[in-house]
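Me: Hi! I have a model open and would like to talk it through with you. Could we take a look together?

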Amino acid sequence: MVNPSNSVQSLMNIHPTTDSASTRQIAAASLTALAVAGALLVTTILPAEFNIDPLGTGALLGITGMSEEQMVGALNEQNTEIHQDRYRIVLAPFESVEYKYRLEQGATMLFSWHADGDLEFDMHSEQDGIDPQEYSPSFARGSRAAARGSYTAPFSGIHGWFWENRSSREVVLELNTTGFFSAATEFRMNFMDEKTFGTSE
């Protein structure tokens, strides 16, 4: 016959051993995780984020000062005056227009245009000294009634939009811009008009 007291005592003897093993495993895993985290901190995070490279691993991996490199170019100072412009036109059915700004390389412009109907559009640029028939890169094109965003000129020249009303009714278009442009030119069939922006605005 089994003595109940002996069974209870046996169970009591087993649990402490199991708990002790689990505690040791958790402690070992925690120490391993801390060691890995410390190694990552010293070998990668400090060199990349803080430009601190005590072991030389950042230089070896080519990641020293990576976060500082990513911020290069975030500030874009300009040497010209900032201007605002508003352009509005009513396009008859199948009428088209181009409206472009003179921007120097690196100059930035914020824009917002909207119409009361879809228009075919093409935002493109013409580089100074190059025939636009040979090179006139397009940055956005399609059919829509509005667009907004920012644009930074990849080269000096004129930069802007072509719109065409392919509907059977008139469409009102309005463009609002703020940027470091010096002039704006409107191109229509047998018509061209340029306005300049002075420093007195």
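Me: Is Arg188 buried, partly exposed or exposed?

Reply: Arg188 counts as partly exposed, at 32% relative accessibility. Here buried means under 20% relative accessible area, exposed means over 50%, and partly exposed is in between, with a 1.4 Å probe and protein chains only. Keep in mind that this is a predicted model, where local features need pLDDT of at least 70, side-chain atom pairs count only at pLDDT 80 or more, and totals for chains, interfaces and linings use all residues. Residues are numbered from 1 along each chain as its sequence is written, and side-chain values use heavy atoms, with hydrogens and water left out.

Me: Thanks! Which side chain does Arg188 meet in a salt bridge?

Reply: That would be Glu186, at 3.0 Å from N to O. A salt bridge is a side-chain nitrogen of Lys or Arg within 4 Å of a carboxyl oxygen of Asp or Glu. Glu186 counts as buried, at 9% relative accessibility. Salt bridges with shared partners also join Glu95, Glu186 and Arg188 into one network.

Me: How many salt bridges does the structure hold?

Reply: There are nine. Among them is the one between Glu98 and Lys100, at 2.9 Å from N to O. Lys100 is buried, with a relative accessible area of 1%, whereas Glu98 is partly exposed at 21%. Another links the side chains of Glu164 and Arg166, at 2.9 Å from N to O, and Glu164 counts as buried at 18% relative accessibility.

Me: OK, new topic: strands. Which sense does the pairing of β2 and β5 have, parallel or antiparallel?

Reply: Antiparallel, over eight bridges. Strands here are DSSP E runs of at least two residues, numbered from the N terminus, and two strands pair if DSSP finds at least two bridges between them. Within this pairing, Tyr99 has Trp161 of β5 as its bridge partner. β2 also pairs with β7 (residues 183–188) in the antiparallel sense, over five bridges; there, Arg102 is partnered by Ala183.

Me: And the nonpolar core? Which residues touch the most other members of the largest one?

Reply: Tyr101, Leu103, Phe111, Trp113, Trp161, Trp163 and Leu175 do, in a core of 26 residues. β1, β2, β3, β4, β5 and β6 each supply at least two residues of this core, and the largest share, seven residues, comes from β3. By definition, a nonpolar core is a set of buried Ala, Val, Leu, Ile, Met, Phe, Trp, Tyr and Cys residues joined through side-chain atoms within 4.5 Å.

Me: What does Trp113 touch?

Reply: Not counting residues up to four places away in sequence, its contacts include Phe121, Arg144, Trp161, Trp163 and Leu175. Contact means heavy atoms within 4.5 Å.

Notes: Helices (H or I, at least four residues) and strands (E, at least two) are DSSP runs, numbered from the N terminus.
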